[in-house]
Amino acid sequence: MTAATNLSALQAPGMTRAVQRHAHPSADFDAKLARTQALLQRAAADCAPVTQASSLGAEDVVITHIINALALDIPVFVLDTGALHPETLALLERTRATSRAPVTVYRPVQEAVVQFVAREGQNAMYRSIDLRKACCGIRKMEPLARALKGEKAWITGLRREQSAARAEVPAIDTGEARTKFNPLSDWTWGDVWHYIATRDVDYNALHDQFYPSIGCAPCTRAISLGEDFRAGRWWWETSDLKECGLHVKTTEGAPA
Ligand code: SF4
């Protein structure tokens with residue numbers, strides 16, 4: 001049973017689900033999908049070991065679905081920061097139960113989390129950007145380094161349309177220590193939801209509550225009509241470059 005099915009009974013009358021609101025494909029959707037499939041096949045054939053980083057957001061469930069549909073040898077990993085929404089954790093369990101590709105969960109070092117919270121408090125991320133980045137470092141970046149250890153390449157759901165900081169995202173990024181494939185780089189939000197709608201892909205129930213971008217619960221809110229795609233991430237910060245570090249490069253080209 002999909003999240004869409006689960007939620008159907010909970011929708012207020014007249015409220016449309018994300019899959020109904022957004023599924024409007026580009027005129028060249030079929031060609032984009034064919035390029036994405038070819039790119040993933042190339043990643044599996046030429047760049048093994050390669051893995052998909054999934055936040056369990058809409059883009060990532062599409063990529064996992066294509067990996068499974070093509071029976072590609074690309075395992076998936078999820079960073080469970082210990083601060084995810086219940087909806088995301090529920091989708092994680094469903095994905096682990098149904099995915100052909102193995103799904104591995106990486107969690108932060110508990111001791112580091114306990115010490116950080118004891119020292120700075122549960123809501124330290126709201127006090128300064130440095131504290132927010134320190135929290136991301138413990139809960140995301142350190143587990144990410146473990147997840148990518150030994151991998152030749154990784155696959156992300158980055159799209160150029162998501163933010164100004166991602167406007168130049170290439171389909172294949174060789175500017176880091178390992179190759180990064182961004183197979184949906186030229187997809188629109190409508191393309192993503194068209195794929196979900198036409199393949200009946202299970203998706204994160206938060207999308208039905210106006211969360212276009214999925215992150216940790218304390219740092220992600222729903223957006224309003226007209227707000228930017230990533231306006232709900234670290235919304236109290238004013239920087240245009242709101243990233244947790246996973247996709248930020250240093251001047252040397254390595255992940256920050
Ligand atoms: S997104 Fe928020 S809760 Fe999650 S790791 Fe970063 S600062 Fe911590």
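Colleague: What makes up the shell around the ligand: how many nonpolar, polar and charged residues?

Modeller: In this predicted model, the shell splits into six nonpolar, no polar and three charged residues. The residues around the ligand are Met125, Arg132, Cys135, Cys136, Arg139, Lys140, Cys216, Cys219 and Trp234.

Colleague: Where does Lys180 lie, and what is Lys180 in contact with?

Modeller: Lys180 lies in strand S6, residues 179-181. Skipping neighbours within four places in sequence, Lys180 is in contact with Trp154, Thr156, Leu158, Ala171, Ile172, Asp173, Leu246 and His247.

Colleague: Which side chain makes a polar contact with the side chain of Lys180?

Modeller: That's Glu176, at 3.5 Å. The cut-off is an N or O pair within 3.5 Å, so the pair counts as a polar contact.

Colleague: Now the largest nonpolar core. How many residues are in it, and which have the most contacts inside it?

Modeller: There are 39 residues, and those with the most contacts inside the core are Val62, Ile155, Trp187, Val192, Trp193, Tyr195 and Ile196. Elements giving two or more residues include helix H4 (58-69), strand S4 (153-155) and helix H8 (189-199).

Colleague: What does Val62 touch, not counting residues up to four places away in sequence?

Modeller: Val62 touches Leu184, Trp187, Val192, Tyr195 and Ile196.

Methods
Residues are numbered from 1 along each chain as its sequence is written. This is a predicted model: local features need pLDDT of at least 70, side-chain atom pairs count only at pLDDT 80 or more; totals for chains, interfaces and linings use all residues. Side-chain values use heavy atoms; hydrogens and water are left out. A nonpolar core is a set of buried Ala, Val, Leu, Ile, Met, Phe, Trp, Tyr and Cys residues joined through side-chain atoms within 4.5 Å. Buried means under 20% relative accessible area, exposed over 50%, partly exposed in between (1.4 Å probe, protein chains only). Helices (H or I, at least four residues) and strands (E, at least two) are DSSP runs, numbered from the N terminus. Contact means heavy atoms within 4.5 Å. A residue is near a molecule or strand if one of its heavy atoms lies within 4 Å of it. Ala, Val, Leu, Ile, Met, Phe, Trp, Tyr, Cys and Pro count as nonpolar, Asp, Glu, Lys and Arg as charged, and the others, Gly among them, as polar. A polar contact is a pair of N or O atoms within 3.5 Å; within protein, one must be able to donate a hydrogen and the other to accept it, and residues adjacent in sequence count only if both atoms are side-chain atoms.
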